[in-house]
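Biologist: I would like to learn how to read a model like this one. Can we go through it feature by feature?
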Amino acid sequence: MRTRLCDRLGMAVPIIQAPMAGGWTTPRLVAAVSEAGGLGLLAAARLTADQLRGQIEETRRLTGHPFGVNFLVPGPSPAIADERPAVAALERIRQGLGLTGPGAPAGSATPVEEAIEVALRARVPIISFAMGSPRPWAEPVHAAGAMVIASVTTVTEAEAAQAAGADAIVAQGAEAGGHRSTFEAHSLEALPLIGTMALVPAVVDAVTVPVIAAGGIMDGRGVAAALALGAEAAQLGTRFLLAHESGAPPAYRRRLLEAAETEAVVTDAFSGRAARALRNAFVRTFAEAGARPLPWPRQVAAAVDIYQASLADDGDWAPLFAGQGLRLARREQAAADIVRELVEEAKAAGDRAR
Ligand SMILES: Cc1cc2nc3c(=O)[nH]c(=O)nc-3n(C[C@H](O)[C@H](O)[C@H](O)COP(=O)(O)O)c2cc1C
């Protein structure tokens with residue numbers, strides 16, 4: 001199962017743990033996956049520079065193997081005609097939960113340039129980007145001796161990412177949990193939703209750099225399928241949320257274990273950008289109110305107190321991002337056991353296909 005990308009990224013097996021912002025991809029999880037022969041990725045979004053520095057240091061204390069850091073680099077989102085319905089909906093939710101609000105003060109996150117600088121100074125060897133072109137950052141990343149991974153959702157984005165200097169490309173299929181990694185902020189109607197099965201081989205044919213498949217890959221059958229489609233590694237998110245070492249709180253884990261695939265819907269209610277998440281009271285309330293969310297990144301800032309309170313409770317008012325394969329993860333496990341199981345199953349699936 002060793003691919004040329006395994007050698008480039010320092011992996012023994014072609015398994016990448018997806019970066020998952022929100023506090024889920026803890027240093028313990030990232031280190032455990034890298035220790036087990038895969039590649040763990042930290043998620044920098046919404047961390048301060050100090051928090052990111054701390055997470056990199058802690059991961060290094062836990063593993064001598066390579067790991068990476070991921071950054072969200074979305075361009076500007078278009079304004080919406082009327083923000084009042086969103087503000088009113090958030091206020092109603094806040095009152096219902098007995099919160100006094102408001103959300104986070106605007107502008108509290110560290111600018112992405114500064115956060116990337118933190119990772120490069122710490123000599124992190126792999127820098128991954130999502131939700132935008134890596135173009136502005138490829139040169140400084142390469143100058144620091146690190147590799148650029150870019151996440152895309154279409155062949156056009158893959159070609160642009162390669163031209164912008166990406167050393168490897170994540171082809172994120174529509175099944176994927178979390179934000180759609182489109183370079184532009186599309187409306188839900190115009191959103192490209194190309195499935196992993198169709199996207200991966202088309203991207204493999206269109207670029208010369210190694211391709212990583214993501215979206216709905218939950219077990220070794222999916223890993224084997226990704227490799228058969230020409231990908232050189234599989235990147236899994238939802239499956240690793242259920243690792244013992246992930247930061248997912250109990251309510252999130254419970255919902256993942258109980259939910260059906262039909263509940264993992266694409267919505268922009270949580271952040272103003274399209275993401276696949278479990279349909280819950282927050283998604284329903286925004287839909288019923290006919291309220292457009294505030295443009296990225298203001299919806300998250302305006303609702304963060306609601307999300308935090310809900311995550312500590314039953315998760316009904318928080319973003320529970322999840323991919324369509326969620327039925328295939330039916331228990332919590334140590335990250336190393338997940339990696340081991342994926343490899344064994346992928347080998348068996350490969351044998352069956354021969
Ligand atoms: C909870 C969650 C948070 C995510 N956050 C990020 C992120 O911060 N950066 C990123 O590049 N991708 C993020 N993703 C998307 C993953 O990189 C990946 O594309 C996706 O998890 C693959 O689909 P799967 O969940 O079906 O395995 C997130 C996914 C989930 C489920």
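**Reading the model, feature by feature**

Modeller: Start with contacts of Thr 26. Not counting residues up to four places away in sequence, Thr 26 touches Leu 42, Glu 245, Ser 246 and Gly 247. Keep in mind that this is a predicted model.

Biologist: Where does Thr 26 lie?

Modeller: Thr 26 is in the loop between strand 1 and helix 2 (27-35).

Biologist: Is Thr 26 buried or exposed?

Modeller: Buried means under 20% relative accessible area. Thr 26 has 19%, so it counts as buried.

Biologist: Which residues of helix 2 are buried?

Modeller: They are Pro 27, Leu 29, Val 30, Ala 31, Ala 32, Val 33 and Ser 34. That is seven of the nine residues, so helix 2 is largely enclosed by the rest of the structure.

Biologist: What do the buried residues of helix 2 pack against?

Modeller: Their partners are strand 1, strand 2 (39-43), helix 3 (49-62), helix 10 (238-241) and helix 14. Look also just past the end of helix 2. There Gly 37 takes a positive phi of about 105°.

Biologist: Which residues of helix 9 are buried?

Modeller: Helix 9 covers residues 220-228, and Gly 220, Gly 222, Val 223, Ala 224 and Ala 226 are buried there. The cover over these buried residues includes strand 1 (15-17), strand 8 (211-214), strand 9 and helix 14 (335-353). Gly 230 follows helix 9, with a positive phi near 105°.

Biologist: Now the ligand. How many residues surround the ligand?

Modeller: Count the residues with a heavy atom within 4 Å. The shell holds 23 residues, and the closest are Pro 19, Asn 70, Gly 216, Gly 237 and Thr 238. Then ask which elements contribute. Strand 3 (68-72) and strand 9 (233-236) each supply at least two residues of the shell.

Biologist: What is the shell like by class?

Modeller: The shell around the ligand has 13 nonpolar and ten polar residues. It has no charged residues.

Biologist: Which polar atoms lie by the ligand's oxygen atoms?

Modeller: Look for N or O pairs within 3.5 Å. A polar side-chain atom of Thr 238 lies 2.6 Å from an oxygen atom of the ligand. For Gly 237, a polar backbone atom is 2.9 Å from a ligand oxygen. For Gly 177, a polar backbone atom is 3.3 Å from a ligand oxygen.

Biologist: Loops next. Is Ser 271 buried or exposed?

Modeller: Ser 271 sits in the loop between strand 10 (264-267) and strand 11 (275-278). Its relative accessibility is 1%, so Ser 271 counts as buried. The side chains of Ser 271 and His 179 are joined by a polar contact of 2.7 Å. Leaving aside neighbours within four places in sequence, the contacts of Ser 271 also include Leu 294, Pro 295, Trp 296, Gln 299 and Val 300.

Biologist: And Gly 145: buried or exposed?

Modeller: Exposed means over 50% relative accessible area. Gly 145 has 63%, so it is exposed. Gly 145 is in the loop between helix 6 (135-143) and strand 5 (147-152).

Biologist: Last, the whole chain. How many helices and strands are there?

Modeller: The chain has 14 helices and eleven strands. With 354 residues, a compact globule would have a radius near 20 Å; the chain has 19 Å, which agrees. The C-alpha trace spans about 55 × 40 × 40 Å along its principal axes.

Biologist: What share of the residues is buried?

Modeller: Buried residues make up 56% of the 354 residues in the chain.

Definitions and conventions. Residues are numbered from 1 along each chain as its sequence is written. This is a predicted model: local features need pLDDT of at least 70, side-chain atom pairs count only at pLDDT 80 or more; totals for chains, interfaces and linings use all residues. Side-chain values use heavy atoms; hydrogens and water are left out. A polar contact is a pair of N or O atoms within 3.5 Å; within protein, one must be able to donate a hydrogen and the other to accept it, and residues adjacent in sequence count only if both atoms are side-chain atoms. Helices (H or I, at least four residues) and strands (E, at least two) are DSSP runs, numbered from the N terminus. Ala, Val, Leu, Ile, Met, Phe, Trp, Tyr, Cys and Pro count as nonpolar, Asp, Glu, Lys and Arg as charged, and the others, Gly among them, as polar. Buried means under 20% relative accessible area, exposed over 50%, partly exposed in between (1.4 Å probe, protein chains only). Contact means heavy atoms within 4.5 Å. The radius of gyration is taken over C-alpha atoms; the globule rule is 2.2 Å times the number of residues to the power 0.38.
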